[in-house]
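I would like to follow its parts in turn and to see how they are put together.

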Amino acid sequence: MIKPQALLCPKPEGLYCAPGDFYIDPVRPVARAVITHGHADHARAGHGAVLATEATLDIMAERYGTAFAEARQAAAYGEAVDRDAVQVTLVPAGHVLGSAQVVVRWKGLTMVVSGDYKRRRDPTCAAFEPVPCEVFISEATFGLPVFRHPEDKGEIARLLRSVAQFPERAHLVGAYALGKAQRIIRLLREAGWARPIYVHGALERLNALYERHGVALGPLAPATSKTKTDFAGEIIIAPPSTLQDRWSRRFPDPVAAFASGWMQVRARARQRGVELPLIISDHADWDELTGTVDELRPGELWITHGREEALARWADLHGVPARALALVGYEEEDDD
Amino acid sequence: MRAFAELLDRLSLTSSRNAKLTLVRDYLRETPDPDRGWALAALTGDLSFDAAKPAFIRKAVEARMDPQLFWWSYDYVGDLAETVALVWPRRPGANREPELSEVVEALRTASRAEVQRLIEGWLDAMEEPRERWALLKLMTGGLRVGMTARLAKRAAAEMGGVEPAEIEELWHALHPPYEDLFAWLEGRSEKPSAEHPGRFRPAMLAQAIDEAVDFAKLDPADYAAEWKWDGIRVQLVNEGGVRRLYTRTGDDISHTFPDLVDALFEEGVLDGELLVLRDGPNGNQVASFADLQQRLNRKTVDAKLMAKFPAGVRAYDILAEGREDTRTLPFAERRKRLEAFVARQASPRIDLSALQPFDTWGELAALRADPPAGDPQVAEGIMLKRWDSLYEAGRPKGPWFKWKRDPFLIDAVLMYAQRGHGKRSSFYSDYTFGVWTEGEGGGRVLTPVGKAYFGFTDEELKQIDKFVRDNTVERFGPVRSVRAEPHAGLVFEVAFEGLQRSGRHKSGVAMRFPRISRLRWDKPPGEADELITLERMLEQMEGR
């Protein structure tokens, strides 16, 4: 029997596949990388060759310029690609546009690296596909039983109710520029909000990229396009850091909303001066993390980053041997 | 329950008073009886359960999940009720979610053993952590969502388009879930009767006088003057066998002042100032506000404390005599009745706020600037009341004025700034300022003497905010320490109403009601005041 550690093992640069000679989401420049998704802590510039989905490569080019790597190769979901003796398949992870799990097969052994993932419906990206495997390597950003994300529809309804209740104020929604912002916009459209949605400049290029990939966002306008009082009753989407920033002063008495899984904990909302926390996350919550392990029943669970100890304990209690890899460099704070 | 949970959730994160009013008003408008009535009772603090204690909740949750996972969760969240609300395992389809009224009615009648079973059943049935959190808050009492009873009643008044004072006056005749109140507010029935012995009568408040404008228009002969006492405004009631002491917002504080509620032997309602009154050479003598604070906000009070800090009421108005409502009489007439009434009680716990005769505004100004020896020395200023004024609830413009003493002033140096809340969350708007004192090494150092977050204009706030951002030395979470050296920094002229000794402050002094009165961009911090100045002011205040 082949040891899983022979196929994938943690190194300071990231998770390393020796028989295929590549890293998954390396945090330092390497010769060969497989990238799960476009968030900056997973997709860095400066690698030799990069294998990722078309959308992820697009996102990296948008962020870092087209010269972000010496060579790049796009793989469609489900398409098997050989890396030396190893077969690599990218499978939807449901996290953001282009996000993928990395399925690694070698000598009859299958290991799945989840990347960041969620199990809920997201109108801006393909849904997570469970892949049976001997070892499942999971994230655990929200790996504590306190994180139980409610239905996103209900959270959007709370936002729209507040807009109706406070017509004299603007609603400023803090949302991470890649993925969360576009998902919020789509959810607002699905809830019937047809008015222009005002967006911070930092979101414009990624919004356009999503549109190019077939995610219709409806009428958008720059958040600088009106005078202060005209923003009454409008919804503005901006990076979370703007909520308490001087930038927010351009709006009339803004209601600070923040779309993030961290908003589940009241102290987090209070710390950031958030008046309307929207618990909408692109990561699996506790029930999704444990539910996925339960569904896959892998021979082993490895945990890459987040709150590893709680998920590891849960898995052990439920008969799945688990180990924490304690990979560093993946941010868990604040933005999602 | 879901709507109530959402209301509590939003109130707890909303700092603006107006926004809170909107949230409560809309909730009352959209929620049917009796749920909204129970919610209003919860917000006004008129709802409490003694059968439910929070300790069992922890046991109940540990019986449902791995204690180690619970402990990690609790350690992360830090608040027991919130942790339990979040981690409580779902039991889909367990039961129907309860309405608020079902919860309240059951909690009011169930025994302790039953309550535990009920709460566990409700927690199982609730889908969202928000609801479970609201249930646990309700159960353990003390919602702590930054809502005062007064504000909640005001929201009800807004919902019905009536004056808040109308609800205040009715309040003590009403009982949750207030169906008669809502019927009236929605125009479906007559106003409920306020004829309820021992009820609170909404207080009449004074406008601050604008010296530059008002005196020119006012005739001194129309007004009576008296000292403005530095205590707590109260209403002392003896009516139909009911004895009460209310604050000016209608909170019943009778249980804290058993020594006072029995002081009226005749039926009547007095308006006056709650003070600590000790025997002096010429009758009662007012003690400091710090002494009064020893008696406030206590759950229980013993004979020793009452003897050490004897409370009294200095009466300045009479709202009812016997069963007669006197509020429709002019002040001159009420005053005569008051004097005779107080004299008849012959109680050392009640005395009269004396009128100060004067002929011209100039004469009164001199009196205010230089109060005679005795109690007037600790007065906050002067009250003016029109002789013909009726007793009206609220703050009508014209009949009553307050003319506060000039505040004390010092120049202090900005040391720390903290982000504000709500509208001000993008601004550093809460300031800690200090004065110079001798440091341990012998040199001059700044020691904090107070905190203020108002007194400046919006334009000045922007300027200070910019200064803070440009001169930050260190950051601790939402707080920044700001450059404060003899030749670089920002000086505030700080106005305050008084000083107290304080063991909790490193400087040993605490200010009452400090605010920023001027920005002294022109003044080098090295020339700001020294702690010794404050200490001398304090000695002077204590000496008189």
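In this predicted model, chain B is divided into three parts, namely domain 1, which covers residues 2-140, domain 2, which covers 207-404, and domain 3, which covers 408-542. Taken over C-alpha atoms, the centres of domain 2 and domain 3 of chain B are separated by 34 Å.

With strand β8 (residues 324-325) of chain B, β7(B) pairs in the antiparallel sense over two bridges, and here B:Glu321 has B:Glu324 as its bridge partner. The hairpin that β7(B) and β8(B) form has two residues between the strands, and in this hairpin B:Gly322 takes a positive phi near 60°.

Turning to a helix of chain B, α10 (residues 149-160) has 12 residues, and at 1.5 Å a residue these should span 16 Å, which agrees with the 17 Å between its end C-alpha atoms. Buried residues of α10(B) are B:Ala152, B:Lys153, B:Arg154, B:Ala155, B:Ala156 and B:Met159. The elements of chain B against which the buried residues of α10(B) pack are α2 (17-30), α3 (35-44), α11 (164-171) and α12 (179-185). Just after α10(B) comes B:Gly161, with a positive phi of about 65°.

Most residues other than glycine have a negative phi, and most peptide bonds are trans. In the loop between α2 and α3 of chain B lies B:Pro34, which is joined to B:Asp33 by a cis peptide bond with an omega of about -5°. Another cis peptide bond joins B:Pro176 and B:Pro177, with an omega of about 5°, and B:Pro177 is found in the loop between α11 and α12 of chain B. Elsewhere, B:Asn297 has a positive phi of about 55° although it is not a glycine; B:Asn297 lies in the loop between α15 (289-293) and α16 (303-308) of chain B. Is B:Asn297 buried or exposed? B:Asn297 counts as exposed, because it has 8 C-beta neighbours inside 10 Å.

In chain A, six strands form an open sheet with mixed pairing, in the order β1-β2-β3-β4-β5-β6. At its edges stand β1 (9-11) and β6 (69-74) of chain A, each with a single partner strand, so one side of each is left without a neighbour in the sheet. From one strand to the next, the twist averages 30°. Within this sheet, strand β2 (residues 14-17) of chain A runs antiparallel to strand β3 (residues 22-24) of chain A, and three bridges join them; the bridge partner of A:Tyr16 in β3(A) is A:Tyr23. The loop between β2 and β3 of chain A contains A:Asp21, which has a positive phi of about 50° although it is not a glycine. With 14 other C-beta atoms within 10 Å, A:Asp21 is partly exposed.

Another open sheet of six strands in chain A has parallel pairing and the order β14-β13-β15-β12-β16-β17. Its edges are held by β14 (220-222) and β17 (276-278) of chain A, and because each has a single partner strand, one side of each is left without a neighbour in the sheet. Neighbouring strands of this sheet are turned by 30° against each other on average, direction ignored. Strand β13 (residues 197-199) of chain A is joined by three bridges to β14(A), and the two run parallel; in β14(A), A:Leu220 is the bridge partner of A:Ile197.

Finally, the two chains meet: 25 residues of chain B are in contact with 28 residues of chain A. On the side of chain B that touches chain A, the elements that give two or more residues are α2, α5 (67-77) and α6 (80-87) of chain B. The largest share of that side, six residues, comes from α5(B). By class, the side of chain B that touches chain A has 10 nonpolar, nine polar and six charged residues.

Terms used
Residues numbered from 1 in each chain as written. Chains lettered and ligands numbered in written order. Predicted model: local features only at pLDDT ≥ 70, side-chain atom pairs only at ≥ 80, totals over all residues. Pairing = 2+ DSSP bridges. Helix = DSSP H or I, 4+ residues; strand = E, 2+ residues; numbered from the N terminus. Axes fitted to C-alpha atoms, helices over the stretch in contact; angles between N-to-C directions. Expected span 1.5 Å × (residues − 1). Buried ≥ 20, exposed ≤ 12 C-beta atoms within 10 Å, placed from the backbone. Contact = placed C-beta atoms within 7 Å. Nonpolar A, V, L, I, M, F, W, Y, C, P; charged D, E, K, R; others polar. Domains from an automatic or database assignment.
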